[in-house]
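Hi,

Here is the structure I promised to pass on to you. Have a look at it first, and then read on for what turned up in it.

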Amino acid sequence: MSENGMTGSCLCQRVTFAVRDNAGTFQYCHCSRCRKFTGSAFAASLLVRPDDFEWLTGEEYVGRYEVPEARHYATCFCLKCGSSLPWPTKSGRAVIVPAGTLDSDPGTRPVQNIYCASRAVWYVEPGRMPMHDELPPKEE
């Protein structure tokens with residue numbers, strides 16, 4: 001694996017992985033499956049080629065769930081801490097890397113939103129809300 005790549009890990013650090021320099025496409029997916037798995041409004045993911053991805057440690061702690069009726073979708077997670085982890089698509093043509101699992105800046109930024117027709121009805125664009133560097137002050 002390239003020394004210039006990036007690394008990622010789960011919350012408990014049992015599972016680690018590397019991605020080569022070629023970070024691939026960075027996108028936000030608003031589909032209901034990604035929302036269910038992440039527990040959030042969308043999944044922030046990088047699509048990388050399988051040759052640019054490598055498990056470094058803890059591959060035996062990687063669990064996988066495949067939605068039977070899905071053509072491409074699956075999920076992987078740490079069997080110890082439950083963190084989302086990269087998952088090879090069912091076709092094997094890409095590995096989906098959850099951006100939040102990366103240990104450093106991937107050097108790229110999201111370029112698109114997909115499955116917006118499935119967007120959560122409660123979703124509000126982040127720029128429309130107040131921003132705080134930490135917890136907001138208590139209202140009295």
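A word on burial before anything else: a residue is called buried under 20% relative accessible area, exposed over 50% and partly exposed in between, using a 1.4 Å probe and protein chains only. Asp105, at 48% relative accessibility, is therefore partly exposed.

Please keep in mind that this is a predicted model, in which local features need pLDDT of at least 70 and side-chain atom pairs count only at pLDDT 80 or more, while totals for chains, interfaces and linings use all residues. Residues are numbered from 1 along each chain as its sequence is written, and side-chain values use heavy atoms, with hydrogens and water left out.

Now the strands. Helices (H or I, at least four residues) and strands (E, at least two) are DSSP runs numbered from the N terminus, and two strands pair if DSSP finds at least two bridges between them. Five strands make an open sheet with mixed pairing, in the order S9-S10-S4-S3-S11. Its edges are strand S9 (87-88) and strand S11 (112-114), each of which pairs on one side only. S11 runs parallel to strand S3 (residues 25-29), with three bridges between them, and Gln112 of S11 is the bridge partner of Gln27.

Strand S1 (residues 6-9) and S2 are antiparallel and joined by four bridges; within this pairing, Gly8 is opposite Phe17 of S2. The two strands form a hairpin with six residues between them. Gln13, in the loop between S1 and S2, has a positive phi of about 70° although it is not a glycine.

Tyr115 is another non-glycine residue with a positive phi, near 55°. You will find Tyr115 in the segment after S11, where it counts as exposed at 53% relative accessibility.

Which residues touch the most other members of the largest nonpolar core? They are Leu46, Phe53, Leu85 and Val97, in a core of 29 residues. A nonpolar core here is a set of buried Ala, Val, Leu, Ile, Met, Phe, Trp, Tyr and Cys residues joined through side-chain atoms within 4.5 Å. Two or more core residues come from each of strand S2 (16-19), S3, strand S4 (43-48), strand S5 (53-57), strand S7 (74-78) and S10. If you take contact as heavy atoms within 4.5 Å and leave out residues up to four places away in sequence, Val97 touches Phe17, Val19, Ala44, Ser45, Leu46, Val48, Phe53, Pro86 and Leu102.

Phe17 and Phe53 also turn up together with Trp55, in a cluster linked by ring pairs. Rings of Phe, Tyr and Trp (its six-membered ring) pair if their centres lie within 6.5 Å; planes under 30 degrees apart are stacked, over 60 edge-to-face and the rest tilted. The count comes to six aromatic pairs. There is also a charge over a ring, which requires NZ of Lys or CZ of Arg within 6 Å of the ring centre and within 35 degrees of the ring normal: the charged end of Arg14 sits over the ring of Tyr61, 5.3 Å from its centre.

Finally, the salt bridges, defined as a side-chain nitrogen of Lys or Arg within 4 Å of a carboxyl oxygen of Asp or Glu. There are four by this rule. Asp52 pairs with Arg20, the closest N and O atoms being 3.3 Å apart. Since Asp52 is in the loop between S4 and S5 and Arg20 in the loop between S2 and S3, the pair ties together parts that are 32 residues apart in sequence. Asp52 is buried at 3% relative accessibility, whereas Arg20 is partly exposed at 31%. Asp52 also meets Arg49 in a salt bridge (3.1 Å, N to O), and Arg49 is partly exposed, with a relative accessible area of 49%. Shared partners join Arg20, Arg49 and Asp52 into one network of salt bridges.

Best wishes
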